[in-house]
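Subject: Structure handover

Hello,

Here is the structure I promised to pass on. Please open it alongside this message, and read on for what turned up.

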Amino acid sequence: MDIAKAQPTHTNRLSEETSPYLLQHAHNPVDWYPWSDEAFAEAQRRNVPVFLSIGYSTCYWCHVMERESFESEEVAKIMNEHYVCIKVDREERPDIDDIYMAATTIFSGSGGWPMSVFLEPTNRKPFYAGTYFPVEPAYGRPSFSQLLEGLSDAWKTQHDKVIEQAESLASAVTEQVASENQQPVPVGRPQLINATNALLQRFDQTNGGFGGAPKFPQPVFLDYLLDIRNDIDEKTQESLDAAAKTTLDAMAIGGINDQIGGGFHRYSVDQFWTVPHFEKMLYDNAQLASVYAQASVTYNDAYYARTARRTLDYCLNEMTIQSEPGSTGFYSAQDAEVDGKEGLNYLWIKSEINEVLGKDSDETKLALDIYGLNAGTNFQDPHHQKEPKRNVLRMDVRPDEYATQNNLSLEELYSKLDTIDSKLYAVRNQRKQPRLDDKVLVAWNGLLISALVDAGEALSEPKYIAAAQHATDFILEHMRSSDGQLLRAYRDNVSKIPAVLEDYALFIAGLIKLHQAPLARNQTSLDTIIHLADQAHELFADDSGSYYDTRANQTDLFVRTRSYHDGAVPSAIGVMLNNLVDIADLVRDNEAQSNTYRVRAVNLLSSISPSLASFPMSSINSARAMIKMLDQEEYNKLYAFAGSDQDQKPTEINSPVKVLVSTDTIQVSDDEPASFKIALEIDNGYHIVAAQPGESDAAKLLLPLRVGLTKGQGIAIYADYPQGQAFGLDSVGSFMVNEGRIEFEVAIEKAPGVGPTPGAPVIGVSFQACNNNACQAPQTVELQIEIEIN
């Protein structure tokens, strides 16, 4: 009887899959199919549309929609009767995810997961798209059942219009992909200057990071700042170092960094890096470990070294087998929730600290103080308001500052913290743990291999190099097809899914670092690197030398994608550009072979050049490759770099925006803040990106309206920015803009030490102007206002 009760009521086709995300849905009453020709053939046979649900195993709102809708017998009945339903793990199939995310963003103005897309089954083209739909009407959205019934009715009674809409939406997606194939333009140092300026303009001088809440780590920006710092003037380097160090400090002491167990959460929901979205992703931790390791060398900073070490130790402890870390690869992610509650495993209250460390003990007093519990609670579960308020553990200052303030040596403080953390971590591990997505992905392992090598070299830590070698050996032995091509995913002794460019590019990048590592016991063969690079060229490059994200002739995709823009993971094309430059250098002794890879690099740079010229910050990993290319004479013979003279300034932009201010003198003191007005007059036919551009991919590529310090220190600036209006640009999607004349108030107050560089403060207004076809490079206009600080 008990055994019978334990048997699931429903089992669908997903039970035969290996993806943890798909297996989570294997016992839904929904008759799910995996992505397959069989599913689309069945939809054609029944003459019903396809409902496509895309998500991933650690996605909080994916879990919510499953609990509300996919586990509901009533909702499942509607789904099964009127649709063929398909589940896709976006981490296994990023190619599918990219296409339908583009459709969702175009259709609804924003995207996210779970992604809910309705397709006609013949050509797999979408006719309706969105993200999370509630079980009851809410958030300005219909209930999921209402949507299902309404779209099914439209399929039956307005079939021609549905097909017409599918064709229209698919054409928009195809046009967006095609817009990546623009004519090459000269790029060079001016684009590096533009990228650097854009990053500094977007830098949050108070809290660190680049942009407002929610705050994402964006390690690719920090990588660029560390790379470019030696190629710029001293004053810009000061600003750049301030941006990098402020951001690195803020993340390391914040709640986004797991202060007890190590490792970084996905992002912070607030501007202070305090309350994270609690999932932990391998790709975030790999990139952040790498940047902290490199920053520890650049700035000779022991705290950055400690942060890199704790991040990688987390990966070795929790994201692979501990007996021989890396020997079965590294796992993908840990969930954000426990028992349906976000972050429950990571949260603490004072009484729990007292119980673990001893009531009123010295350890308790230190833990409550340094981790912020004495200041009050900082977390209330937004989805479960009856839950008690708790604390995300974070620090207010760096450990070295705390030690100084409390008359401790840094060594003494670290010894005490290590003991406290160990005790709290042991108790935390006795709690119910977040779910682990234990599939192994080539691309994300490639990122971690790079990080392990970077930290192994920077910290002189052989165990990291050994783990990188184990992971490399595992992929080469277990994640290739019979013809030697990479396979993207592995779980339960099954390797599957042909690798995409991201897998090749990021794995090759890791192999290059491992090959060059002096501490490596068995350095990766250069022949292996070249073989995989040539294989990637054969599979993904076109006749012009550009690369696609996917293979040719994939019959299950209605468009072949190509993306130059960096996201949570760097653009595969940008990574491949860096790889080609590095490989050319590795085979420098063979001039003919080296030149082959230089020519490939130049051809790829040419294809990326329109993106670098228009949106240098969004393709910043490609800009990193260009730094290396500009410094080598051979590339200057093959490519006519724009502004190849290092001292040449970028061409002046004929700006369609006129900036006016209401005063030329301002006084501030401790007790008296000040304010003034700014007006921007924007020419007809142009607009600027609004201060709050939205959440679409387009919004992340462009520089929003900002007022801030361009140099100097001593004041904090607050602007009451005007709201924008929606605008769509074919190449990047929709975002919010301002047109015509706008006017808004700016307040300033005295803030000693706040600002990018020493000296008198200079206020600037930064904006990016666009017309209906393209965007200019970001611009900053310094305001002619004299500021007196009393």
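The side chain of S450 reaches the backbone nitrogen of G510, at 3.4 Å. S450 sits in helix 18, which covers residues 442–458. Its relative accessible area is 10%, so S450 is buried. Keep in mind throughout that this is a predicted model.

Next, the cysteines. How many disulfides does the count come to? The answer is one disulfide. The partners are C59 and C62, with their sulfur atoms 2.4 Å apart. The cut-off is 2.5 Å, so a pair at that distance is within it. In general, a disulfide is a covalent bond between the sulfur atoms of two cysteines. Which hand does the disulfide of C59 and C62 have? The torsion about the S-S bond is about 80°, so the disulfide is right-handed.

Are C59 and C62 buried or exposed? C59 has 3% relative accessibility, so C59 counts as buried. C62 has a relative accessible area of 2%, and is buried too. C85, by contrast, is in no disulfide. The nearest cysteine sulfur to C85 is that of C62, and it is 16 Å away. C85 counts as buried, because its relative accessibility is 0%. C315 is also buried, with a relative accessible area of 1%. For these calls, buried means under 20% relative accessible area.

Five strands form an open sheet, and their order is 8-9-12-13-14. The pairing is antiparallel. Which strands stand at the edges? They are strand 8 (280–281) and strand 14 (494–498). Each has a single partner strand, so one side of each is left without a neighbour in the sheet. In general, strands of a sheet pair through backbone hydrogen bonds, either parallel or antiparallel. Strand 13 covers residues 487–491, and four bridges join strand 13 to strand 14. These two strands run antiparallel.

Last, the cavities. The count comes to five cavities of 30 Å³ or more. How much space lies in the largest cavity? It holds about 140 Å³. The largest cavity is lined by 17 residues. Closest to its centre are Q259, Y303, R306, R310 and M395. Two elements give two or more residues to this lining: helix 13 (302–318) and helix 17 (410–428). Helix 13 gives the largest share, five residues. By class, the lining of the largest cavity has seven nonpolar, six polar and four charged residues.

The second largest cavity holds about 80 Å³ of space. Which residues line it? Among them are G255, N257, D258, Q259 and I260. H265, F278, Y346 and W348 also line the second largest cavity. V392, L393 and R428 complete the list. By class, this lining has six nonpolar, four polar and two charged residues.

Best wishes

Terms used: Residues numbered from 1 in each chain as written. Predicted model: local features only at pLDDT ≥ 70, side-chain atom pairs only at ≥ 80, totals over all residues. Heavy atoms only, no water. Buried < 20%, exposed > 50% of the residue type's maximum accessible area, 1.4 Å probe, protein only. Pairing = 2+ DSSP bridges. 1 Å grid on protein atoms, 1.4 Å probe; cavity = no way out; pocket = protein on both sides within 12 Å on 5 of 7 lines; lining within 4 Å. Points joined across faces, edges and corners; volume = space filled by probe spheres on them. Nonpolar A, V, L, I, M, F, W, Y, C, P; charged D, E, K, R; others polar. Polar contact = N/O pair within 3.5 Å; in protein donor to acceptor, adjacent residues only side chain to side chain.
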